[in-house]
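Here is a structure to look through with a few questions in mind. Each answer sets a value beside the definition of the term and then draws the conclusion.

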Amino acid sequence: MSAGPLEGITVIELGGFIAGPFAGQLLGDYGARVIKIEPPAGDPMRHWGVQHEGQSLWWPGIARNKESVVLDLKNDADRALARTLFTKADVVLENFAPGRLAAWGLDYASVAPDNPALIMAHVSGFGQDGPRAADRGFGSVAEAMGGLRALMGFPDLPPVRAGISLGDALAAMFAVIGTLAALQERARTGRGQEVDVALYESVFALTESLMSDFEIGGVTRARSGSTLPGVAPSNVYTARDGVEVLIAANADTVYRRLCQAMGRDDLITDERFATHQARGVNAEELDALISAWATQLDGEQLEKLLDDYEIPRGRIYTPGDIADDAQYAARQMITRLAAPGFPAPVPMPSVVPKFTATPGTIRTPGPELGAHTESVRAEFS
């Protein structure tokens, strides 16, 4: 069976932390061979987050499907091997500070003459040019400057974090999208190119009509808690037993079905709620009515009733809920992989998206540091 749609593509991954390595993980999921160059101390991700006996539980997932090669790029011989890898690869994926590869003679301009088909994807805080190109940038900074943090949380409290490294993940996904687009262009022309991904721009790209709302509509979007201004009902409601359920019934037809589920047909024609615009204006009153109804039912009762009336809903899931969910199980969305040094298989999200002809695969967990150094040296020296 094919390893995935990118089988036959070789990716050299350099850098550390999250954005670059997550992009490398995705490319590996899709079947690419990913050779990860690590410094002698290893990628810091080996020791980030929750750990088991000094090993990160994050590492087996973010470094899955990769080969670990230890090179000290301050060393002439190791730089020479890296250059050889670059000249034989399809893609180089890096998230060093701009200029670092050039200082080592490994930048695109230096390598491309020997491999004109090479695609080099850069992931950095602020991009490869501009007044802040040399500044260090992390995902949290990108979320702030990309306009996202100003929208997250409640209006009377400071901005909040999403709970995951969202800025890094978005940059990684744009790096993959850009790499795939460049591979498609190369299939037509035979020539590679550079792909320049900035973390803050990756966040900004998802801000919908933020700028047109501001410049043309005269509206500066602000934090609105768990609701979307002007859209109701679409909120989290707590059942009698404490189960939290998100109900999205803002479309007119769905709202009417919700009223029927509540036994409140009178709310269908109530002028406060009869139209989308009216519900947006009177969202607090509507939320109070729905909350009062939801607290009369246990979570399972509430969910069944919503399902009976075909109302979009979703329980606020914890990891335990995810592990027990029938939809996750049917879609095989949790992969458990035996990894060195761990007492049990390590669970991780499976490959997304799903391909019917060339499904992606999770072939190996994150490797031990330098596990493939000698074999790669022998292959490419």
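This is a predicted model: local features need pLDDT of at least 70, side-chain atom pairs count only at pLDDT 80 or more; totals for chains, interfaces and linings use all residues.

Q: Why are β2 and β5 called mostly covered?

A: Buried means under 20% relative accessible area, exposed means over 50%, and partly exposed lies in between, with a 1.4 Å probe and protein chains only. By that rule five of the six residues of β2 are buried, and in β5 (residues 66-70) four of five are buried. Over the whole chain of 381 residues, 44% count as buried.

Q: What makes a stretch of the chain a helix or a strand, and how many of each are there?

A: Helices are DSSP runs of H or I with at least four residues, strands are runs of E with at least two, and both are numbered from the N terminus. The chain has 17 helices and 13 strands, and its C-alpha trace spans about 80 × 50 × 40 Å along the principal axes.

Q: Why is N65 called buried?

A: The relative accessibility of N65 is 6%, which is under 20%, so N65 counts as buried. N65 is found in the loop between α2 and β5, and has a positive phi of about 60 degrees although it is not a glycine.

Q: Why is Q332 called exposed?

A: Q332 has a relative accessible area of 63%, which is over 50%, and therefore counts as exposed. Q332 lies in the loop between α16 (326-330) and β12, and its phi, near 50 degrees, is a positive value in a residue other than glycine.

Q: What makes T207 buried, and which residues is T207 in contact with?

A: At 7% relative accessibility, T207 falls under the 20% limit and so counts as buried. Contact means heavy atoms within 4.5 Å, and, leaving aside its neighbours within four places in sequence, T207 is in contact with G146 and R221. T207 lies in the loop between α8 (199-204) and α9 (210-215), and a polar atom of its side chain lies 2.6 Å from the backbone oxygen of F204.

Q: How do you know that S209 makes a polar contact with R221?

A: A polar contact is a pair of N or O atoms within 3.5 Å, where within protein one must be able to donate a hydrogen and the other to accept it, and residues adjacent in sequence count only if both atoms are side-chain atoms. The contact between the side chains of S209 and R221 is at 2.9 Å, which is within that limit. The two residues are twelve apart along the chain, with their C-alpha atoms separated by 9.6 Å. S209 lies in the loop between α8 and α9 and, at 26% relative accessibility, counts as partly exposed.

Q: What lines the largest pocket, and which classes of residue does the lining have?

A: The largest pocket holds about 1,400 Å³ of space, and of the 34 residues that line it the closest to its centre are W58, I164, P347, M348 and P349. Helix α1 gives the most to the lining, with four residues. By class the lining has 23 nonpolar, seven polar and four charged residues, where Ala, Val, Leu, Ile, Met, Phe, Trp, Tyr, Cys and Pro count as nonpolar, Asp, Glu, Lys and Arg as charged, and the others, Gly among them, as polar.

Q: Where is the peptide bond between A232 and P233 placed, and is it cis or trans?

A: The bond that joins A232 and P233 is cis, with omega about -5 degrees, and P233 is found in the loop between α9 and β9 (234-238).

How values were computed. Residues are numbered from 1 along each chain as its sequence is written. Side-chain values use heavy atoms; hydrogens and water are left out. On a 1 Å grid over the protein atoms alone, a cavity is a set of points where a 1.4 Å probe fits but cannot get out, and a pocket is an open set with protein on both sides within 12 Å along at least five of seven lines; lining residues have an atom within 4 Å of a point. Grid points are joined across faces, edges and corners, and a volume is the space filled by probe spheres set on the points.
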